[in-house]
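User: Hey, I'm new to this one. Can you walk me through how it packs?
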Amino acid sequence: MSKAQVFPENFLWGGAIAANQAEGAFDADGKGLSTADMVPYYKKKDYANLSALMHVSSETIAEAMETKTAEGYPKRYGIDFYHHFREDIALFAEMGFKTFRLSINWSRIFPNGDDQEPNEAGLQFYDNVFDELRKCDIEPLVTLSHYEMPMTLVLNYGGWKNRKVISFFVKYAETVMNRYQNKVKYWLTFNEINTTLIEPFTGGGIVGDKENNLLQASYQALHHQFVASSLVTKRAREINPAFQIGCMLARMIHYPATSSPEDVQQAQIDNQMNLLHTDVQVRGSYPPIIKRYFEDHQIHIVKEAEDDQTLKENTVDFISFSYYTSLVSTTTPEKYGVTGGNLYSTVKNPNLKVTEWGWQLDPIGLRTVLKELYDRYQLPLFVVENGLGAKDTVEEDGSIIDDYRIDYFRQHIEQLKEAILDGVEVIGYTSWGAIDIISASTSEMSKRYGFIYVDQDDEGHGTLNRKKKKSFDWYKKVIATNGEDL
Ligand code: BG6
């Protein structure tokens, strides 16, 4: 008798990218400038504090708004997915992708965010992409907002802290959900919604030096995103009841540094503050801990009378999350060294190795996270980001032997399998980032995540030719065997 398969028959294997890191063509066919277009490439790096690299000041914005070319702004040219998407999708199909996660760039559809009419050329671009995916039997998984928003909404409205942005976002979401109602079934509202608190410009279009109280502005912006996400979920169900709507959290699981009750308590609080986002989007209300936190930090959220009901009535169908690493909590951080991530840094866990960029490697943590999220909410889960940023070398014969990436994925998928055996319901797994793209935090090209190599360096030089890495065939085999042969 053959052994039963662990992964469900219709498991959605695939890969993920974001518009602002891949598309390029920042000013093509009527697209407006977005927050991502403001981020320059910094040569000097401090890997323990990468979020500083993402911080964009008023001065940086003024300079970027004056710059009319893509030079020095890697997210403006990306990997030119805008003109290469057919070739890229053909490669995804060759790997056997069942799904492909991508985001729609809001400023391609509403160049200023507050325009009366959408930009037809922008809508047509995504029609072409979705049609190509359909031809290849690849199910699109679409993020409505992944680290970009139209710059006009930042400059004229102050970003997401302004309540008016809710209606602009709902209009944008309605426009694309109506247009693609027969082409897209799976939608995510905000990528890593917790980024708004960690990196307010990237997550919420909030310019730090313009705020007297940045924490207050960030929580206000986050509240508006929660409400917007619920209103979009409501509209989604009216447009097409078959739609599946998910939230998306950067799950940052915190382990206590020691078994001291103080460290354990700190880890619990840090986990509660991370999970508050899913609490709101899945349970429909803020968790009890937030009251004390707001009092202690003198945060006062301005809400409309109907907000609580909106959140309560329009919760998500499934939970998606990114998982790259685990973090460590302690009340005595001075005793330990610090290591980086993209948006955060953490005290070091002596049990874990780190990547070239300082991210702690912890495959078992993925199983822990899956079990914890399922125990807590009992909604289907979707791992929509997991991957290794590493430097790749093209050998003389043109091959790229990325065994380190294969090891990373193998170890994580093994843990995913264990979680399924533990009874967790998982819909799919999309690796980050399917193909090499521009790094979100550092805007580097040399921090590569893909199964497909893109010939381009950190300064934007290269042929943009695509080349399969060793991991390409490995992942193809994983998908073909539905996760049995790792
Ligand atoms: C996630 C983001 O936080 O991490 C992606 O959703 C990002 O956009 C990914 O690319 C990896 O981070 P980085 O900074 O290495 O590109």
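Analyst: One term to start: two residues are in contact if their C-beta atoms, placed from the backbone, lie within 7 Å. This is a predicted model, where local features need pLDDT of at least 70, side-chain atom pairs count only at pLDDT 80 or more, and totals for chains, interfaces and linings use all residues. Residues are numbered from 1 along each chain as its sequence is written.

User: OK, what is L370 in contact with, leaving aside its neighbours within four places in sequence?
Analyst: L381, L416, A419, V424 and V426.

User: Which helices pack at an angle of about 30°?
Analyst: Helix α16 (residues 363-377) and helix α17 (residues 403-421), with axes 8 Å apart. Helices here are DSSP runs (H or I, at least four residues), numbered from the N terminus. Axes are lines fitted to C-alpha atoms over the stretch in contact, and angles run from 0 to 180 degrees between N-to-C directions.

User: So how do α16 and α17 lie?
Analyst: Roughly parallel, a label for angles under 35 degrees.

User: And who makes that contact?
Analyst: On α16, the residues include I364, L366 and L370, and on α17 they include L416 and A419.

User: Switching topic: how far apart are the axes of α5 and α7?
Analyst: Helix α5 (residues 81-95) and helix α7 (residues 120-135) have axes 10 Å apart and pack at about 20°. They're therefore roughly parallel as well.

User: Which residues meet there?
Analyst: F85, R86 and I89 in α5 meet V129, E132 and L133 in α7.

Notes: Helix = DSSP H or I, 4+ residues; strand = E, 2+ residues; numbered from the N terminus. Parallel < 35°, antiparallel > 145°, perpendicular 65-115°, else oblique.
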